[in-house]
Amino acid sequence: MPHLTEARALYDLPLNTLIFKAQQVHQANQDPAGVQLCTLKSIKTGACPEDCAYCPQSVHNNTFVEAEALMETETILVDARRAKAGGATRFCMGAAWRRVNDGKQFDSVLNTVSGVKALGLEVCCTLGMVSEQQAGRLKQAGCDVYNHNLDTSREHYSKIITTRTYDDRLQTLSNVRKAGLEVCSGGIIGMGETVDDRLKMLVELAQLDPQPDSVPINALVAVEGTPLAGRKFVDSIEFVRTVAVARILMPKAMVRLSAGRGNMNDETQALCYLAGANSIFLGEKLLTTGNPDIEEDMNLMKRLGLHPMHPDEARRIHRGEIAPANAQPAEWPSVAEFAAANASEESCGQGGCGCK
Ligand code: SAM
Ligand code: DTB
Ligand code: SF4
């Protein structure tokens, strides 16, 4: 079981030794050149009652985000079909909710989950806190993965969020796991925390039994109107070191470069891939903030000799069905379809589907 001292010793290694160690773990446990391509859709935007200091969607923060009602199933399915046509394998849906409440809205989300699953996509949801029973209903509807982040260390947490506790978050992760969903949990780097705070968060995640299946590492996007506005973007080498430690402590997890890639140059992202990151959100928008152009992302992957991963590939590697080095590339996504899936106000061109 990893501890802070061990994580700190790794973090402080000369960068080339740290990356070498991360690569050893990566090559033994993951498709060495594979990158999982996920799409992200905000299905209920803004007016969230939580006071997360980083979040443009909190009702406590006065940002550019305009609150929107929960999207209708059919409208979301238009985007999911486009994402599928574009070559996406995973469709992640996010709602600016404190917690899931039973009732009409949750029923509608369950219906959407079943619709997205029926398209042959992996489904991930991030809807705030959930009970074990609600997580079970999501699983039954076809959800594969649930994202709920620890965000930072237990110690730093109260400086960032006061409306729910660290233990609330751990309880949701336990509920999700008990319901048989895969766990996606990570955090944000660059919110004024110390290096030890970052490592404590990674150790907390690595101590979960089983470990999370995916670990999103977000770099803070400091949004105007949030208490963290104006904060300097995280140092790129510190970010890369954090990614490398995540890879070493959680060999089988997908380590996802999440928010903040728009502020990183190609070289920083290349170092993140070298440090063991193997998943990104593809598409020009995350939930409410920007993400790199699809073409830019694909160009960088091609320049680095990386390729998209098949949907079940990581699971098959971990079940011992394929050796990491024998994993085969999936097809490259279609830029036009991916771009359209990201911009729901555009017509899908099919007619009669309810989109504008
Ligand atoms: N409301 C749900 C929740 O909090 O679990 C789901 C959506 S929430 C936006 C998902 C995650 O996005 C947060 O836990 C946080 O890690 C990340 N996030 C939100 N705003 C961010 C920002 N400005 N910069 C970096 N990451 C951010
Ligand atoms: C995660 O850790 N990062 C994604 C996903 N999980 C849902 C969300 C990033 C959101 C960044 C801010 C925004 O676009 O609103
Ligand atoms: Fe709400 Fe999630 Fe944003 Fe926190 S991170 S304010 S819970 S949407």
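# Cavity, pocket and ligands in a predicted model

D151 is found in the loop that runs between strand β4 (145-147) and helix α6 (154-157). Helices (H or I, at least four residues) and strands (E, at least two) are DSSP runs, numbered from the N terminus. For D151, phi is near 75°, a positive value in a residue other than glycine.

This is a predicted model, in which local features need pLDDT of at least 70 and side-chain atom pairs count only at pLDDT 80 or more, whereas totals for chains, interfaces and linings use all residues. Residues are numbered from 1 along each chain as its sequence is written, chains are lettered from A and ligands numbered from 1 in the order in which they are written, and side-chain values use heavy atoms, with hydrogens and water left out.

## The largest cavity

Rolling a probe the size of a water molecule over the atoms shows where empty space is left. On a 1 Å grid over the protein atoms alone, a cavity is a set of points where a 1.4 Å probe fits but cannot get out, while a pocket is an open set with protein on both sides within 12 Å along at least five of seven lines; lining residues have an atom within 4 Å of a point. Grid points are joined across faces, edges and corners, and a volume is the space filled by probe spheres set on the points.

How many cavities of 30 Å³ or more does a search of the whole structure find? The search finds one. The largest cavity has a volume of about 840 Å³. Its lining comprises 40 residues, and Y54, C55, N147, N149 and L287 lie nearest its centre. Strands β2 (90-95), β3 (122-126) and β7 (214-219) each supply at least two residues of this lining. By class, the lining of the largest cavity has 23 nonpolar, 12 polar and five charged residues. In this scheme Ala, Val, Leu, Ile, Met, Phe, Trp, Tyr, Cys and Pro count as nonpolar, Asp, Glu, Lys and Arg as charged, and the others, Gly among them, as polar.

## The ligands

The largest cavity is the space taken by ligand 1, by ligand 2 and by ligand 3. A molecule sits in a cavity or pocket if more than half of its atoms lie within 2 Å of its grid points.

A residue is near a molecule if one of its heavy atoms lies within 4 Å of it. Around ligand 1 there are 17 residues, of which Y54, T126, N149, D151 and V221 come nearest. This shell divides into 10 nonpolar, five polar and two charged residues. Around ligand 2 there are 14 residues, with N149, N218, L287, T288 and T289 coming nearest. The shell of ligand 2 has seven nonpolar, seven polar and no charged residues. Ligand 3 is surrounded by C48, E50, C52, Y54, C55, S58, A96, W97 and R164, a shell with six nonpolar, one polar and two charged residues.

| Residue | Ligand | Distance |
|---|---|---|
| N149 | ligand 2 | 2.8 Å |
| T288 | ligand 2 | 2.6 Å |
| T289 | ligand 2 | 2.8 Å |
| N149 | ligand 1 | 2.9 Å |
| D151 | ligand 1 | 2.7 Å |
| R164 | ligand 1 | 3.2 Å |

The protein covers 91% of the 560 Å² of accessible area that ligand 1 has on its own. Accessible areas come from the Shrake-Rupley method with a 1.4 Å probe. Taken alone, ligand 2 exposes 400 Å², and the protein buries 88% of that.

## The second largest pocket

About 330 Å³ of space lies in the second largest pocket. Which of its 18 lining residues are the closest to its centre? They are E182, D213, K252, R315 and H318. Helix α12 (residues 313-318) gives the most to this lining, with three residues. The lining of the second largest pocket divides into six nonpolar, six polar and six charged residues.

## A cis peptide bond

The peptide bond from D209 to P210 is cis, with omega near -5°. P210 belongs to the loop between helix α8 (195-206) and strand β7.

Definitions and conventions: Polar contact = N/O pair within 3.5 Å; in protein donor to acceptor, adjacent residues only side chain to side chain.
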